[in-house]
Each structure stands twice: as C-alpha cells, then as structure tokens.
Amino acid sequence: AGFCNFLFPLNGTMINFVDNAPLTKIWIIAVTVTSITVAMTKSSKHLDLHDISLVYSRGQIWRLFTSQLFFKTASELMLAIILGYWLRVWERLMGTARFAGFFAVIWGLTIFLQTGIEVVFTPLFSSFPTFASGPYPFFAAAFILFFREVPPTYKFKIFGMGTNDKIFVYALGFQLWFASGLHSLLSGSVGILAGMAYKSSAFRLSKFEFPEVLNRLAIRFILPSIQSQRNQPSRPIVLPNPQSTNDPQTYAEQLLPVVNPPAMQPQIDENSVQLLVGLGFPRDRAVVALLRCGGDREMAAHALLEEG
C-alpha cells in the first residue's frame, strides 16, 4: 500500500503539480521532449559528451549544455520523471526563485567539474569512462538536499527494521544512478560533489538567487503559460478565518463541524502537525489538512503540496 501511494498519490496523477513546482515541470517537459527528439533523430552523437576534445579543439561548446538535457533510454527517462515528481518537494520548500538559483549553480558546477575531470584524467587513462548523457548530476545534487533537509512523511517497518517513505525515493535514485554503469556513476558522483559544494558554508553558493526583475518577468510571462486549470468545486466549503483566533486548537474546533460530521471527528496527533510544520507549512493549514484527511498525515502532506 505504501508503494502504491508513493507512485499514485492522493489524486492519482503525477502531472498536476505546476502550482507547487513550475520550474520542475518545465525541466521535466524539456528533458522528456529532448530525449524523445534525440532518439527519433538519432542525433545523440552530436550532442553528448563522449569526447571532451571536441569541445576545446573544435569549439563544440554546446555539448557541455546539451549532454545534460536528454537520456538515451526510455527506462532512464521514466525513472527521471518519477523522481522529478517526488523531488519537487524541494522546490516547494525553497520557493521557485531560490530553486532556480540552485538549479543554475548546480548546472554551472557540473560543467566546470566535468570539464576538469575529462581534461585531467582522459590523457592519463585511455579507458577512462565518459559521462552519461542526462541530468544525472542534478538528481545526485538534489538527493544531497533531499537527504539532509526533507523530513519523512511516515514511518513503517520492513522485516522488523524501521524505515520511512523516503526509502522509495532512494531506491529509484540508486536504480537511476546505476542505469548506465560507470558512466552514470561518474556523472552522479559529480552531482554529489556539486551538491556538497552548494551546501558548504565556505562557498556560500546557497545564497545565489536570480535578480528580482527576472523573477517578475518569469511570473508574468512564463508561469501563466504552463499553469494547469483546476476544476472548481460546485459547492465550495466556507472555512472560518484563521486570523479570528491566535489559538490553533480553537481554530481546529471551529473547523470540525465544517469538514466532518460530529460522529466522525478525527483525533489530531501533535506529532503529525509538527511533521507538516517541519515541511514548511503554516500550523493552521497543517491542522486543516489533517482534519480533512481524517488525521492521515501522508494524505495531508500530499494535499498541502497539491494546494501550493
């Protein structure tokens, strides 16, 4: 059941998350379209990074960028789409503006590290593996942040050993990491180095953000073109104003007659509230989500993420 909920959360779709993570959606669409196009045109040899000498001897600089925009196999692409959906929680926590900065920093570090490694080690080892095509470094860097910053939604046991829902993301991540053998391992290792550099206080790379004027232009011209149309409920529920009381418990008591009949009022676990607050949601919204979901913190977390 946990794995089914992991793959098909709450509303049964993996597409309607644009309001929570627009940059993640743009990136997934771009990688998907590029991967399909490259496969159909058989043009990967003109875009990948199989020979670094083509960059500095023939000036084919575009390979540094295009090599991270496509996967060569359908299995890699499918794993990336699923992981992209679940790692969108990091964009939700950071905010799209900061996440865009993270994306740009990781891409820049990846280009720098890949070029340096190829230039240094390829002349020394004739059989030195090339980097796999695809955004492996970005996924690996995102895993550093996912591991350190994102708390688990729920915990359970496997053969008596305690674990949590994040294990499914790790399992898919390792499967993707080993998809192309040494090539994907090498690309993933570069991403880990980039992620560690991003989080390091010595470099202060996590402070990077795009100028406010670019953020405003993106909100005005790009975001409206990719937003999903949501079906509005025919009979919307009018909830009490959370500003009318400073006590979350009082607010929760006001909500009970609205979201649940008296005989079905759930017991709200304070640990569940604190977990949702730890994910970055306001306490009053966490209480409302738990009430709506009957105290199920997994469903409440997904509901909050889908609401934006």
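Predicted model: local features only at pLDDT ≥ 70, side-chain atom pairs only at ≥ 80, totals over all residues.
A search of the whole structure gave 21 aromatic pairs. One of them joins F99 and F102, whose rings are tilted, with 5.8 Å from centre to centre and 40° between the planes. Both residues belong to helix α7, which covers residues 96–121. Because F99 and F102 are three residues apart in this helix, about one helical turn separates them. F99 and F102 are both buried.

F102 also pairs with F138. This pair is tilted as well, with a centre-to-centre distance of 5.8 Å and an angle of 55° between the planes. Here the partners come from distant parts of the chain: F102 lies in helix α7 and F138 in helix α8 (residues 136–149), 36 residues apart. F138 is buried, as is F102.

S67 is located in the loop between α4 (63–66) and α5 (74–86). Its relative accessible area is 4%, so S67 counts as buried, the cut-off being under 20%. The side chain of S67 reaches the backbone oxygen of R63 at a distance of 2.9 Å. With residues up to four places away in sequence left out, S67 touches L47, D48, L49, S133 and G134.

Methods:
Residues numbered from 1 in each chain as written. Heavy atoms only, no water. Phe/Tyr/Trp six-rings, centres within 6.5 Å; stacked < 30°, edge-to-face > 60°. Helix = DSSP H or I, 4+ residues; strand = E, 2+ residues; numbered from the N terminus. Buried < 20%, exposed > 50% of the residue type's maximum accessible area, 1.4 Å probe, protein only. Polar contact = N/O pair within 3.5 Å; in protein donor to acceptor, adjacent residues only side chain to side chain. Contact = heavy atoms within 4.5 Å.
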